[in-house]
Structure formats: C-alpha cells, structure tokens
Amino acid sequence: MRLVLLGPPGSGKGTQAARLKEYLQVPHISTGDLLRAEVAAGSPLGLQAKEIMARGDFVSDEILLGMLEDRFARPDTANGFILDGYPRNLVQADALGVLLDKIRQPMDFAVQLEVPTDLLVERIAGRAKAEGRDDDSPEVVRNRLDKYTSQTAPVIDYYRQHGQLTVVDGVGSLDDVFSRLIEALSPAKEVG
Ligand code: B4P
C-alpha cells in the first residue's frame, strides 16, 4: 500500500503512521523525522534545517525533494510506504507526483486526518511538556498552524480535485482513530 498522510501539526500523523507501519508492513517515511535525524547528526543539511524548523518554517522544497529521492531509492519501499509530512505545499505535491511516476509507485490513498484547531493546540502543548521539542512552543506552533492553513490546506484540495482524498476523523483515542483509518483503507488493502 502506498499512502500519504495529511493533516495539521498535532493531527496524529506521526502517531498513527507508527501503528499503520506495523499493520501494513511497509516503511514509515516521515520528513520531520528525516530532518530531525540530520539535525541530530550535525550534517550540513541539518545545520541549515535546524533554525528553520525551530521557527516553524518550511525547509526548502529542493532539500526535501533530494532527501525524499534518496529515501525512495532504498529497497524497503518496493512494497509500499506511508509518507508523513510531505507534501506540505503545492510545489511538493507536484514533485511527489513526478517522483512516484518515475519510480512507478502510484499513490493509493491520500488520507487527511481532520482535527479542530483548539484540540491541535492542546495536544501539542501536551507534547511540549512531555518531550520539550524546540518547535512546540506556543508562538512557533501558531506559525506552524498558519503555514498549514496558507500552504498545506491547498494540497488537500488538490487531492480532492484529483479524486484521491479520503477524510478520516482524527478526534478520539489513539485506538479509535486507528480503527477508522483501517476501515478507510481496507478496500485498498484487499487488492494489495
Ligand atoms: P513534523 O515532524 O511533520 O511535525 P508535526 O506536523 O507536528 O506532526 P507529528 O506527526 O510529529 O505529530 P502528531 O500529529 O503525530 O514536522 C516538523 C517540522 O519539520 C515542520 O514544522 C517543518 O519545519 C519541517 N518539515 C517537515 N516536513 C517538511 C516538508 N515536507 N517541507 C518543509 N519542511 C518540512 O502528534 C502530535 C501530538 O499529539 C503528540 O504528542 C501525540 O501524542 C498527540 N496525539 C496524537 N494523536 C492523538 C490522539 N488521538 N489523542 C490525543 N493525543 C494525540
């Protein structure tokens, strides 16, 4: 299964992708995790990304595409993938279409996790307390949510217009949301 998970910060993309990975037996590719690994390694790319991420801004489309091409070149993506955090704008959506055509891995599903803004803010505040991530402070979260509205929400419309969008209610316990996801994906899972 080839799946793209969409949704604002705090909608549960990373959380649910970790579970879906076990269920579908395909790798979870999180662009946020890939970038955080570069930052932790202190690579040249990580040094560039660190401040941008700490502000809640988007790292450049060029860097992201290069990182994604490298990741898709690894053999574990042959049977599918769960892509989380990409595309975040229309340029990235077009780039992903071209990349998936090139590697002959057409997307089965773009799934949007829908969660109201007040709950997003509450969840991220919880993570800020638990994990102390640089980009979870209230001002930065506001910027990330603004970026989502101005740049990522159009990607949702893009997939809707292409008849590829499935919307899943992201409110509820982790198990509730996971069950809804499985249900939404089950026809595609049966056909492979
Ligand atoms: P990400 O790592 O993608 O961060 P995120 O949007 O917050 O999502 P995440 O998946 O981590 O959180 P989740 O909702 O699961 O991106 C970080 C930064 O990297 C970006 O700001 C940007 O700078 C950069 N970046 C990444 N991709 C990029 C791209 N394509 N282009 C440019 N820049 C890019 O979880 C949030 C919290 O909610 C957790 O604490 C979780 O436990 C909780 N939660 C989840 N589900 C819940 C539920 N059902 N009930 C209660 N709590 C729940």
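## The ligand and its polar contacts

In this predicted model, an oxygen atom of the ligand sits 2.5 Å from an N or O atom in the side chain of Arg144. Thr31 takes part as well: an N or O atom of its side chain is 2.7 Å from a nitrogen atom of the ligand. Gly14 contributes through its backbone, where a polar atom lies 2.8 Å from a ligand oxygen atom.

How much of the ligand does the protein bury? On its own the ligand exposes 1000 Å², and the protein buries 88% of that. There are 28 residues around the ligand, and those that come nearest are Gly12, Thr31, Arg36, Asp57 and Arg144.

## Where H2 meets H4

Let's turn to the helices, beginning with a pair that includes Thr31. Helix H2 (residues 31–41) packs against helix H4 (residues 61–72) at an angle of about 100 degrees, and their axes are 11 Å apart. The two are therefore roughly perpendicular to each other.

On the H2 side, the contact is made by Thr31, Leu34 and Leu35, while H4 supplies Leu64, Met67, Leu68 and Arg71. Sorted by class, this contact has 5 nonpolar residues, 1 polar and 1 charged.

## Where H5 meets H7

Helix H5 (residues 90–102) and helix H7 (residues 138–161) pack with their axes 8 Å apart, at an angle of about 45 degrees. That angle makes H5 oblique to H7.

Which residues meet here? Leu90, Ala93, Asp94 and Leu96 in H5 face Gln151, Pro154, Val155, Tyr158 and Tyr159 in H7. The residues of this contact divide into 7 nonpolar, 1 polar and 1 charged.

Methods
Residues numbered from 1 in each chain as written. Predicted model: local features only at pLDDT ≥ 70, side-chain atom pairs only at ≥ 80, totals over all residues. Heavy atoms only, no water. Axes fitted to C-alpha atoms, helices over the stretch in contact; angles between N-to-C directions. Helix = DSSP H or I, 4+ residues; strand = E, 2+ residues; numbered from the N terminus. Parallel < 35°, antiparallel > 145°, perpendicular 65-115°, else oblique. Contact = heavy atoms within 4.5 Å. Nonpolar A, V, L, I, M, F, W, Y, C, P; charged D, E, K, R; others polar. Near = heavy atom within 4 Å. Polar contact = N/O pair within 3.5 Å; in protein donor to acceptor, adjacent residues only side chain to side chain. Areas by Shrake-Rupley, 256 points an atom, 1.4 Å probe, with all protein chains shown as cover.
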